Amino acid sequence: MRATLAQGQLRAAAAGDDAGAGYPLCVDRVGARAPGRAYFERADGDGLPEAWPARYWAARCDDALVDAVGRPMRVDAVLGDGGALQVTVHVRCRADEADCVADRALALDGVGVAYAIADVDHDGRAELITSAASAPGDPDAVTVHALPARGAKVGKALFTKRFTGGVGGVAAADVDGDGDVEVFAAVRLAGSQRVDLWLLD
């Protein structure tokens, strides 16, 4: 389901497509859930990157990023059923840029199904904003990692916020139009019908 926030209320804007067109994953990609399962499954001709796992829990991407020197950049992240987050970074290099690395692959373990991609601080390095791989009902956390400018190793966490409840969703967007990206986490205590929305600043 897609929802909008208006006058302090979350309202459903659109539901997932049950007619076979797939579920929106990110920007230009849709996925198909495995019959009777909560995960997605690759299929022949689905147009998804070949490197994606056969089964995956979630996928996120951002194709409106710009690197530190102003080149267009896209970041994709897919969470496989083994719990590892596979991240690919694609930079649109010019033909005369010998030092520009067009494609890189990174991996991050211990990630929950709630995560997002954004350049929160506008430094040309995308951040991964992730929940922890906690069991339902266990305390959870949201952690921000900056993707490295070079190489394949994700560095130390830049920020961590711990919660007593589980993190059901993470989103990053400029919701107030001031040019800064806000990060939100939806948190729910086990057994509670209430969901708290946290603004992480």
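The largest nonpolar core has 20 residues, and V75, L85, V87, V89, L128 and L147 make the most contacts inside it. This is a predicted model. The structure also holds one disulfide, formed by C93 and C100.

**Nonpolar cores**

**Contacts of L128**

- With neighbours within four places in sequence set aside, L128 is in contact with A77, L85, V87, L108, A116, I117, T143, V144, H145 and L147.

**The disulfide**

- A disulfide is a covalent bond between the sulfur atoms of two cysteines.
- In the pair C93 and C100, the sulfur atoms lie 1.9 Å apart.
- The disulfide is left-handed because the torsion about the S-S bond of C93 and C100 is about -65°.
- C93 has a relative accessible area of 25%, so this residue is partly exposed.
- C100 has a relative accessible area of 12% and is therefore buried, the cut-off for buried being under 20%.

**Other cysteines**

- C26 counts as buried, because its relative accessibility is 10%.
- C61 likewise counts as buried, at 14% relative accessibility.

Terms used
Residues numbered from 1 in each chain as written. Predicted model: local features only at pLDDT ≥ 70, side-chain atom pairs only at ≥ 80, totals over all residues. Heavy atoms only, no water. Disulfide = S-S within 2.5 Å. Buried < 20%, exposed > 50% of the residue type's maximum accessible area, 1.4 Å probe, protein only. Core = buried A, V, L, I, M, F, W, Y, C linked by side-chain atoms within 4.5 Å. Contact = heavy atoms within 4.5 Å.
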